[in-house]
Amino acid sequence: MATSIRTLLSERRHPFLLALFLLSLLILLLLFSDASSYLPFPRDVLPPSSSSSARFLPSPPISLPSPYPNPSSDCGGEPLQEAAADGDDDGGSEGVEVRWEICRGGKTFQAVDYIPCLDNWKAIKKLMSRRHMEHRERHCPKPSPRCVVPLPRGYKVPVPWPKSRDMIWYDNVPHTKLIEYKKDQNWVRKSADYLVFPGGGTQFKEGVSSYIEFIEQILPIVSLGRRTRVILDVGCGVASFGGYLLDKDVITMSFAPKDEHEAQIQFALERGIPAFLSVIGTQRLAFPDNVFDLIHCARCRVHWDADGGKPLMELNRILRPGGFFVWSATPVYRDNRRDQTVWNAMVALTNSICWKTVVKSTDASGIGVVIYQKPVTNTCYEERKENNPPLCIEKNRSSISWYVPLDSCLPRIPVLSSDQQDHWPTLWPDRLNSKSSSLSEEQNNKYAEEKFIVDMKLWEKLVTEVCFHDLAINWSNIRNVMDMNAGFGGFAAALVNQPLWVMNVVPIDGPDTLHSIFDRGLIGTYHDWCESFDTYPRTYDMLHSTFLFENLTERCDILDVVVEMDRILRPSGWVLIQDTTEMIKKMRPILHSLHWVTSLYKQHILVGKKGFWHPDSGVST
């Protein structure tokens with residue numbers, strides 16, 4: 001072939017073929033020279049955050065980068081180092097000097113467990129009332145704290161999953177209050193250097209596995225791991241219910257407030273079980289309407305009929321039409337005056353919101369359970385003799401639940417579109433890659449559906465070929481993952497067969513895709529990254545983001561966001577950040593000031609690893 005080309009050039013025969021050859025060569029050179037401009041993560045699928053939902057669903061047709069670059073040549077697998085990889089200097093950025101101080105404890109918290117928006121004692125003292133759990137809600141300090149949370153004495157790399165479900169290092173969460181408080185209920189006990197979780201609970205007299213089997217027995221239609229995939233556990237304790245449901249291929253969002261049940265959510269996250277801090281107080285939970293397949297409460301200590309029934313109406317808001325509420329508490333099975341008063345109030349309230357009692361039963365240990373079902377149409381609402389609680393006026397309701405007061409009305413159940421059979425998603429695992437019903441509700445739904453399909457295919461390819469193959473990350477040590485700007489949840493979906501779970505965060509100032517994430521059988525929450533996230537320090541093994549920070553800088557300082565990332569990431573944890581070159585140049589020296597090691601790939605992917613450093617002597621540069 002080489003001889004033929006030389007002969008063609010020297011003898012200058014066949015000028016048309018010669019011109020065609022030179023044109024082809026020029027096109028190849030242009031393609032290869034431009035290959036580096038294609039980003040290894042799909043920014044094209046989900047544009048940067050914007051307050052305008054119209055920007056998320058524009059009218060032009062989809063345009064995909066093609067050909068896609070070879071991931072192995074795009075990301076390289078070089079080890080992390082303090083200086084930039086691929087021959088770069090320090091990301092092309094000027095040096096940044098930050099004088100880090102260690103966080104100090106307060107009247108109601110220890111520095112090692114500092115949660116800025118829940119430990120703001122100055123704001124809590126000024127509250128006019130605590131009747132509705134206002135003191136357990138978010139009260140973020142201004143300005144945001146810029147300090148490094150210290151490590152507990154003797155902190156170790158966490159016990160790996162699945163062993164961590166049953167035992168964790170005591171030194172990592174050195175709290176004993178629950179051991180004493182719940183010692184007769186098998187929540188947790190100390191054994192040598194470990195905290196051990198036997199799978200018991202206040203309502204789990206025969207163990208949580210037996211309790212789950214009892215629910216399946218009295219409600220066969222629940223079909224755990226098929227029809228029922230996404231569950232919310234209210235007042236979850238140490239989250240053993242959610243931990244054992246993982247064996248059924250069910251993902252459970254377990255939550256409880258930061259209260260006298262010391263460190264219960266911290267225990268759950270250290271075990272590798274999805275959990276977060278929240279309370280049903282005066283504000284909505286940070287979820288969309290109609291997303292959970294089942295909600296569970298076992299002695300969760302919520303007064304459902306309080307304040308005109310607002311707490312139960314909040315569950316009604318987030319429960320999927322046709323979904324179930326499983327309530328196990330003493331009013332269900334005890335006959336004393338106090339419990340029967342509560343039970344009668346619950347009967348009246350559930351009737352008023354059209355919940356149907358599906359089953360009421362008692363297990364072999366004497367624990368009672370009642371299961372309600374939410375209606376699938378508005379017929380019952382419209383036929384009630386009394387319009388109390390009233391139906392909501394939709395135009396007056398906020399679509400994103402972030403610092404929004406609890407509703408005192410019932411949202412209408414969405415009317416099915418012509419191509420929908422019912423409100424329920426496809427059975428798991430097919431629903432992971434099925435079209436979300438929420439996409440059909442968008443004004444430009446065809447384009448939204450195309451975006452969803454493109455996003456799904458790109459993440460499948462990129463996670464497999466780039467994240468697993470080319471980045472020097474030990475995935476066997478990663479259990480708790482957070483996607484800080486989750487889009488349609490494509491990153492989490494691509495990881496679904498790995499022994500980890502992903503908290504999909506949808507920023508409040510961007511496209512609202514959280515309903516689609518739940519429709520896929522994944523979990524997530526709304527959040528504003530200009531504020532602290534409601535979790536304990538050292539609770540995630542990996543933080544991932546795609547074009548998050550560029551828009552955040554319009555509202556807050558990037559330094560505050562990086563400090564928060566450092567707080568919630570475990571030592572030896574990883575960050576994967578894709579953003580603009582300019583933004584990465586700003587972030588990288590901040591990470592270095594925290595003694596993280598970083599590596600930069602093709603100017604657009606920043607890989608960082610946190611160490612065990614913290615400013616021992618109070619102040620450090």
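This tour goes through one protein chain, stop by stop, saying what to select and what is found there.

The model is predicted, so local features are described only where pLDDT is at least 70 and side-chain atom pairs only at pLDDT 80 or more, while totals for chains, interfaces and linings use all residues. Residues are numbered from 1 along each chain as its sequence is written, and side-chain values use heavy atoms, with hydrogens and water left out.

**The whole chain**

Among the contacts in the chain with a separation of 6 or more, 71% are between residues 24 or more positions apart, where contact means heavy atoms within 4.5 Å.

**Aromatic rings**

Next, colour the rings of Phe, Tyr and Trp (for Trp, the six-membered ring), which pair if their centres lie within 6.5 Å and count as stacked with planes under 30 degrees apart, as edge-to-face over 60 and as tilted for the rest. The count by this rule is 22 aromatic pairs. Select Phe204 and Tyr211, whose ring centres are 4.7 Å apart with planes at 50 degrees, so this pair is tilted. Phe204 is buried, with a relative accessible area of 10%, and Tyr211 is buried as well, at 2%.

Then select Trp355 and Tyr372, whose ring centres are 6.0 Å apart and whose planes are at 40 degrees, so this pair too is tilted. Because Trp355 lies in the loop between helix H12 (337-352) and strand S11 (356-362) while Tyr372 lies in strand S12 (residues 368-373), the pair ties together parts that are 17 residues apart in sequence. Trp355 is buried at 4% relative accessibility, and Tyr372 is buried at 1%.

For a group of rings, select Phe255, Phe276, Phe287, Phe292 and Phe518, which ring pairs link into a cluster.

**Charges over rings**

Select Lys156 with Trp169, and you will find the lysine over the face of the ring, at 4.9 Å from the ring centre. Select Lys190 with Tyr170, where the charged end of the lysine sits over the ring, 4.7 Å from its centre.

**Lys374 and its surroundings**

Select Lys374, which lies in the loop between S12 and helix H13 (379-383) and counts as buried at 4% relative accessibility. Leaving aside residues up to four places away in sequence, Lys374 touches several residues, including Asn290, Asn316, Arg317, Trp355 and Ile413. Arg320 is 54 residues from Lys374 along the chain, yet their C-alpha atoms are separated by 7.5 Å.

**Backbone details in the loops**

Move to Trp161 and Pro162, which are joined by a cis peptide bond with omega of about 5 degrees; Pro162 is in the loop between strand S2 (147-148) and strand S3 (167-169). Another cis peptide bond joins Asn388 and Pro389, with omega of about 0 degrees, and Pro389 is in the loop between H13 and helix H14 (437-440).

Select Met133, a residue other than glycine with a positive phi near 65 degrees, in the loop between helix H5 (121-125) and S2. Asn186 also has a positive phi, of about 60 degrees, although it is not a glycine, and Asn186 is in the loop between helix H6 (177-181) and strand S4 (189-191). Met133 is partly exposed at 28% relative accessibility, and Asn186 is partly exposed at 44%.

Finally, select Gln498, found in the loop between helix H16 (490-494) and strand S14 (501-507) and partly exposed, with a relative accessible area of 31%. The C-alpha atoms of Gln498 and Ser476 are separated by 9.2 Å, and these residues are 22 residues apart along the chain.

Definitions and conventions
Buried means under 20% relative accessible area, exposed over 50%, partly exposed in between (1.4 Å probe, protein chains only). Helices (H or I, at least four residues) and strands (E, at least two) are DSSP runs, numbered from the N terminus. A charge sits over a ring if NZ of Lys or CZ of Arg is within 6 Å of the ring centre and within 35 degrees of the ring normal.
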